[in-house]
Amino acid sequence: RKMGIFLALLVVLLATLYAPPASSQAATVGVHPDQLALYSGSEFSCKDGSAKISISQVNDNFCDCADGSDEPATSACGNSGGQFWCVNRGHHGKFLFASFVNDGVCDCCDGSDEDGSLATCTNKCEDVGKEIRRQLQRQIELHEAGHVKRADYAQRGAKFREGVKQRKTELDGLVASLDTRLSEMETRKTDLTKITDAQEAEKQAVKDAETAVVEAAAAAVAAQEQADKDAATQEAAAMGIHAAEDAAGSAAVDEVPPQQVQETVHEGQALDTGTEGVDLDEAATEDEAAVEDESASAEEEPKVEEEAKTPEQEALDVLKSEMRPLEDEKSKHTTEGDLAVKVLGWDFGPDDAFLALYDKCFSQQVQQYEYELCMFRTTAQKEGGSSQNLGKWGHWNSEGEAYSKMIYDNGGSCWNGPPRSMTVSLVCGEDEFLVSVQEPNKCVYEMEFMTPLACNLEAAQRARKELEDMGFPQ
């Protein structure tokens, strides 16, 4: 280990001893292309304004500026903040702390940071940047092709909008026609209702009169029965007094032995009290039969004969049955018309290109769930026969690149969490495809959706610029 440390220090020492003279380091070495103007001319002003020096003092291996901006290609300023720009032709250029320059370690893929040291650095930028260049070239192709396709989407969107307008006009006409018919039928309905209401009131008056007569007769009968009962009670009381007197007067008569009385009762004969004998068994049988008759009578419900309807009532029933499907049809057309108004008011891009995707649905299976995206309508999570609403179409993103994210909100309720919502990020691609779905936070979902409508010439131009910076102009 000590030997390794020694060798590392030796390399640094040799790099310092054998660094090229100041005159061999051009003033623009290690300078970013955007800052070349600062290093041109006969004088150089430190970026922090601390000094102004001759251009010959730039990259002379002596730190003149407090911020180290005069020594981008040497490590003379140490950790003062100076930066060295790796050109890395064929790959991405990058900034490097100036203290890493000529330290014996190849930090830039083109090895430009070690031009003044003994380290041997091979230019690997072509190889390591190959995949990046391929991806950038692919992005250029996709964005340019998508831009061409967008014109077709815009034409379809314009056609769709015109179709929605025509359908709205058609629906307005249908609703107006139904309103006229229903208005006429409503007038007839009102007239018939007045007649049938009067008929019902007349019938009810007759029923009320009949009921009053019946109730009066029943009250009279009940009163007479009560009077008869009261008279019978008074007569029975009087007879009881006379019987008591007769019993007191015949005290001398021989008493009948109890045994004889009991035998007489068992033979079914009555005591001589001035009334006829009664058979107890026969009386009990008659009572049971009477109870059974009453039960059977109670079980039989009286049959209510359905009253015959008047011609006006029958006409009213027919009219209502005819109005019902017309009202349903009007409700259906009105709902569709309201949706048409909403759709026409939504933002489908400056050229209506996104309108071509309206209500088209795409899905992807993720483990046991099927996720569905219906453009500008709803998003859902399905499992078996159940479906969970993940959000309804709300609006476009308000931050970042315009028309790059679709916000679906006000989804199904989430236990101990916010209402479910979905953010759909659009990425450039050859065709429509649901790329991925994830749930980064509870009940907050994210989708990535590929479509040619996410492609644009600005993105293609940025990719071209990046290739140019890598040394591969298109």
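**The loop between α6 and β5**

Modeller: Aspartate 352 lies in the loop between α6 and β5. Keep in mind that this is a predicted model. The phi of aspartate 352 is near 65°, a positive value in a residue other than glycine. Most residues other than glycine have a negative phi. Is aspartate 352 buried or exposed? Aspartate 352 counts as buried, because its relative accessibility is 13% and the cut-off for buried is under 20%.

Aspartate 359 sits in the loop between α6 and β5 too. Its phi is also positive, at about 65°, although aspartate 359 is not a glycine. The setting of aspartate 359 is another matter: at 38% relative accessibility, this residue counts as partly exposed.

Now the rings of this loop. Tryptophan 346 and tyrosine 358 form an aromatic pair. The centres of the two rings are 6.5 Å apart, and the planes make an angle of 50°. That pair is classed as tilted. What does the pair tie together? Both tryptophan 346 and tyrosine 358 lie in the loop between α6 (311–345) and β5 (361–366), so the pair ties together parts that are 12 residues apart in sequence. Tryptophan 346 is partly exposed, with a relative accessible area of 25%. Tyrosine 358 counts as buried, at 11% relative accessibility.

The pair belongs to a wider set. Ring pairs link Trp346 and Tyr358 into a cluster with Phe160, Phe348, Phe354, Phe376, Trp393, Trp396, Tyr403 and Tyr408. Across the whole structure, a search finds 17 aromatic pairs.

Tryptophan 393 has tyrosine 408 in β9 as its bridge partner. β8 and β9 (residues 405–409) run antiparallel and are joined by four bridges. On its other pairing, β8 (residues 386–396) meets β7 (residues 378–383). Those strands also run antiparallel, with six bridges between them. Threonine 379 stands opposite glycine 391 in β8. The hairpin of β7 and β8 has two residues between the strands. There, glycine 384 takes a positive phi near 65°.

Arginine 156 lies over the face of tyrosine 153, at 4.4 Å from the ring centre.

By class, the lining of the second largest pocket has 12 nonpolar, four polar and four charged residues.

The largest pocket has a volume of about 370 Å³. Its lining also counts 20 residues, with His32, Pro33, Trp85, Val87 and Asp469 nearest the centre. β3 (83–86) and α7 (457–469) are the elements that give two or more residues to the lining of the largest pocket. Again α7 gives the largest share, here three residues. The lining of the largest pocket divides into eight nonpolar, seven polar and five charged residues.

Technical notes:
Residues numbered from 1 in each chain as written. Predicted model: local features only at pLDDT ≥ 70, side-chain atom pairs only at ≥ 80, totals over all residues. Heavy atoms only, no water. Pairing = 2+ DSSP bridges. 1 Å grid on protein atoms, 1.4 Å probe; cavity = no way out; pocket = protein on both sides within 12 Å on 5 of 7 lines; lining within 4 Å. Points joined across faces, edges and corners; volume = space filled by probe spheres on them. Nonpolar A, V, L, I, M, F, W, Y, C, P; charged D, E, K, R; others polar. Phe/Tyr/Trp six-rings, centres within 6.5 Å; stacked < 30°, edge-to-face > 60°. Buried < 20%, exposed > 50% of the residue type's maximum accessible area, 1.4 Å probe, protein only. Lys NZ or Arg CZ within 6 Å of the ring centre and 35° of its normal.
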